[in-house]
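Colleague: Could we go through this model together? I would like to begin with a helix and then turn to the charged pairs.

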Amino acid sequence: MEVLGIDIGGSGIKGAPVDVASGQLTQERLRIPTPQPARPEPVAEVVAEIVKHFSWSGPVGVTFPGVVMDGVVRTAPNLDQAWVGVDAGKLFDGARVLNDADAAGIAEVTFGQGRGKRGTVLMLTFGTGIGSALFVDGTLVPNTEFGHLELRGKEAEHRASDRVREERNLNWDKWAERVEEYLRHVDMLLSPSLIIIGGGVSKKADKFLPHIKVDTRVVPAALQNEAGIIGAALVAA
Ligand code: BGC
């Protein structure tokens, strides 16, 4: 069975059909820059354009970078505030909508680094913000928002996201120090048995992971940037 997965990010909206049995993309993915400002209507137009591009009439799963409950957006810290309260499921023509990090985590525990892992597994995505997905014996605790934990009087994602690394021109060592401090904090709070690092930086894990010392095993995501698309498709299947 194939499902169209669409991943809404702060800079790009990406979609591709996914074979949900294998987790493989069955066609080349399409990426369209996120409209600025990223208000609901223009974003919905891009989602519709992706559906049209693939001539899709089957199920669609969409990720959103904020808290989503029963299709309704509750928070959108890195998108336009007009999203708060919007029924995204309705706006996207009946698509299944979920948090972006939750989607990436679902893909990783199904096909990637978290596959078959018991106990507490934590996926953290580093991008514009920091997203989190918490699993206990493979079951997701949805909408955890550990990117907003406070570190040194600031939200963690305002200190240690990949956006902060780029904006502050931090070298990998300096950024790794911030990520390490953050990981130690979440590790202390949750005692996971595995931490998976996702988001765009997961492909450059060799640049920063060797600098990070945490008691828990920390690994880069296996599905890297496609995890959101795949997870969205899995949930909508
Ligand atoms: C949002 C999360 C989201 C993360 C990554 C955070 O600012 O609160 O819901 O998963 O960014 O996009």
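Modeller: This is a predicted model, and we shall discuss a helix and then salt bridges.

Colleague: How many residues does H1 have, and how far does it reach?

Modeller: Helix H1 spans residues 40-53, which is 14 residues. From first C-alpha to last it reaches 20 Å, close to the 20 Å expected at 1.5 Å a residue.

Colleague: Which residues of H1 are buried?

Modeller: Pro40, Val43, Ala44, Val46, Val47 and Ile50 are buried in H1. They lie on the same side of H1 because they cover an arc of only 155° around the axis.

Colleague: Which residues are exposed on the other side of H1?

Modeller: Glu45 and Lys52 are exposed there.

Colleague: What do the buried residues of H1 pack against?

Modeller: They pack against strands S1 (2-8), S2 (12-19) and S4 (30-33), and against helix H2 (88-91).

Colleague: Changing topic, how many salt bridges does the structure hold?

Modeller: The structure holds nine. One of them joins the side chains of Arg39 and Asp80, at 3.3 Å from N to O. That pair links distant parts of the chain, 41 residues apart: Arg39 is in the loop between S4 and H1, and Asp80 in the loop between strand S7 (72-73) and H2.

Colleague: Is Arg165 buried or exposed?

Modeller: Arg165 is buried, with a relative accessible area of 10%. Glu166, its salt-bridge partner, is exposed at 53%. The closest N and O atoms of Glu166 and Arg165 are 3.8 Å apart.

Conventions. Residues numbered from 1 in each chain as written. Predicted model: local features only at pLDDT ≥ 70, side-chain atom pairs only at ≥ 80, totals over all residues. Heavy atoms only, no water. Helix = DSSP H or I, 4+ residues; strand = E, 2+ residues; numbered from the N terminus. Expected span 1.5 Å × (residues − 1). Buried < 20%, exposed > 50% of the residue type's maximum accessible area, 1.4 Å probe, protein only. Arc of directions from axis to C-beta. Contact = heavy atoms within 4.5 Å. Salt bridge = Lys/Arg side-chain N within 4 Å of Asp/Glu carboxyl O.
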